[in-house]
Amino acid sequence: MIELTVSLQKEGRVPLYEQLYAHIRQEIISGAFVFNTRLPSKRQLAAHLACSQNTVLTAYSQLLAEGYITARPKIGYYVNALDNMAQLEKGRAQPQRPTKEPEDCRYDFSHHGVDPIHFPFAAWRKITKDVINEWDEELLKTGHRQGHPDLRAAIATYLYQSRGVVCSPEQIVVSAGTELLLQLLIQLFDENVVYAIENPGYEKLNLIFKSSRASYKTVDLDENGMRPDVLLKSGADIACVTPSHQFPTGRIMPVSRRIQLLNWTRGKEGRYIVEDDYDSEFRYDGRPISSLQGLDGSGKVIYLGAFSKSLTPALRVSYMVLPERLLQSYHEKLNFYMCPVPTVEQKALYRFIQEGHFERHLNKMRMLYKQKRERLVSSIRSLLPNAVIEGASTGLHFVLKIDNGQSEKALIEAAKTLKVRVYGLSQYYFEQAPSMESALLLGFAAIKYDDIYDAVSRLKSAWVR
């Protein structure tokens, strides 16, 4: 029988039985306690360590359950054989304290993300705490496959009042991200359907279609958006567009072009438009642009929206509005899908909207983003007077064109040397990018207001010789 020498910290945070268990386990693993060694009895060890027998019994029970020791009736506890455990432990990579990555960027003009400071944590925390109610049985159920009815009703009301979208809650499908909604749509339609995507456009769109083995065509843009003549020649059945703030050019599709696209859908049975309304809540001159869906009177527009820009991308709540004619098909083909957004988050978001927090937050962020945009524009005009800013006064990014003789890549690398990250427009072209002056996409939501002037000053130092 072995003699255990261990000092139990009775005033520590770790329970005594855990300290004893960890010590014996380590001695077995290291080989100090060899196979078939008998451990002290519960009474002996409790007296030796000046602790209760329950402490020893609990430690032994855990070791027994994990297979480190075995119990022999009326004899005692013995160490089990652990083949080469000591060698395995020596070879195992030990956990290391995570090291902070070197800072390669001080200012980032990414179009991803939102303002990091002004999220309404207090209101969200209180609502979430109230929603987690032990008497609410809904929290433990799978919920409605299209999303919680209260949340869908709130979204339908909000869309009608703010975007002119005409729909019932029954037409809304809630999901976790626009990518999942697009995958649902691909499964909803026949496999021989051809999709048209804007060129340039949302950088993940072609990846989603490729991964789903769906056929797609790229359609070039003009100053008004997707070209109807090219769309018609493409042979596509479904056109994916961002009419209220084209990504990445930032242009707004005029009503004449919207009508042309709607007329295209009527030219052949089975044609639809997917309207991605990703950041149209933020318009700084007048009211937000009305949706394309609101113009449609024949049920040919599928509307996509999300709370990633208006609240935070971490929330992962998106939604789509299906035309009535597609609802029956959706129920027949996709009724096995359940809403992936937890019920707790859905109910909290519903309360957040219903109690007016969402509207107040939007108004606050609209003012803040307007100030950021104005600060960025004025800084560019002051420090880079020859640069050209393109894109409507809406959304959370615009295009900056620089004519200093440097290529787009050279501009990006020069900015990087001064710890500023900018993004080339060419990466959003799915086909060969056209020959054009160097153009960059600047997002301003996530950068701090007080950092904007210094960030542009660094760009001037990088680009102006």
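**Strands, helix faces and salt bridges in a predicted model**

Leu-295 is placed in helix H11 (residues 292–295), helices (H or I, at least four residues) and strands (E, at least two) being DSSP runs numbered from the N terminus. The structure is a predicted model, in which local features need pLDDT of at least 70 and side-chain atom pairs count only at pLDDT 80 or more, while totals for chains, interfaces and linings use all residues. Residues are numbered from 1 along each chain as its sequence is written, and side-chain values use heavy atoms, with hydrogens and water left out.

At 42% relative accessibility, Leu-295 counts as partly exposed, where buried means under 20% relative accessible area, exposed over 50%, and partly exposed in between (1.4 Å probe, protein chains only). Together with Val-255 and Ile-259, Leu-295 forms a nonpolar patch on the surface, with about 250 Å² of accessible area. Such patches are made of residues with over 30% relative accessible area and no salt bridge, like charges being joined within 9 Å and nonpolar side chains (Val, Leu, Ile, Met, Phe, Trp, Tyr) within 5 Å; the areas come from the Shrake-Rupley method with a 1.4 Å probe, and for residues only the protein chains shown count as cover.

An open sheet of eight strands with mixed pairing has the order S4-S11-S10-S9-S8-S5-S6-S7, two strands being paired if DSSP finds at least two bridges between them. Its edge strands are S4 (172–175) and S7 (225–226), each of which pairs on one side only. Within this order, strand S9 (residues 272–276) and strand S10 (residues 301–306) pair in the parallel sense over four bridges, and Glu-275 has Tyr-303 in S10 as its bridge partner.

Strand S13 (residues 397–402) is largely enclosed by the rest of the structure, because six of its six residues are buried. Both faces are covered, with His-397, Val-399 and Lys-401 on one side and Phe-398, Leu-400 and Ile-402 on the other. S13 pairs in the antiparallel sense with strand S12 (residues 388–390) over three bridges, Glu-390 having Val-399 as its bridge partner. In the hairpin of these strands, which has six residues between them, Gly-391 takes a positive phi near 120 degrees. Six bridges also join S13 to strand S16 (residues 438–443), again antiparallel, and Ile-402 stands opposite Ser-438 in S16.

In helix H3 (residues 53–66), the buried residues are Thr-55, Val-56, Ala-59, Tyr-60 and Leu-63. These cover an arc of only 125 degrees around the axis, which puts them on the same side of H3; the arc is that of the directions from the helix axis to the C-beta atoms. On the other side of H3, Asn-54 and Ala-65 are exposed.

A search of the whole structure finds 15 salt bridges, each being a side-chain nitrogen of Lys or Arg within 4 Å of a carboxyl oxygen of Asp or Glu. One of them joins Glu-138 and Lys-347 (2.8 Å, N to O); Glu-138 lies in the loop between helix H5 (121–131) and helix H6 (149–163) and Lys-347 in helix H13 (residues 343–354), so the pair ties together parts that are 209 residues apart in sequence. Glu-138 is partly exposed at 37% relative accessibility, whereas Lys-347 is buried, with a relative accessible area of 15%. Arg-257 forms a salt bridge with Asp-222, the closest N and O atoms being 3.0 Å apart. Lys-126, Asp-130, Arg-351 and Glu-355 are linked in a network of salt bridges.
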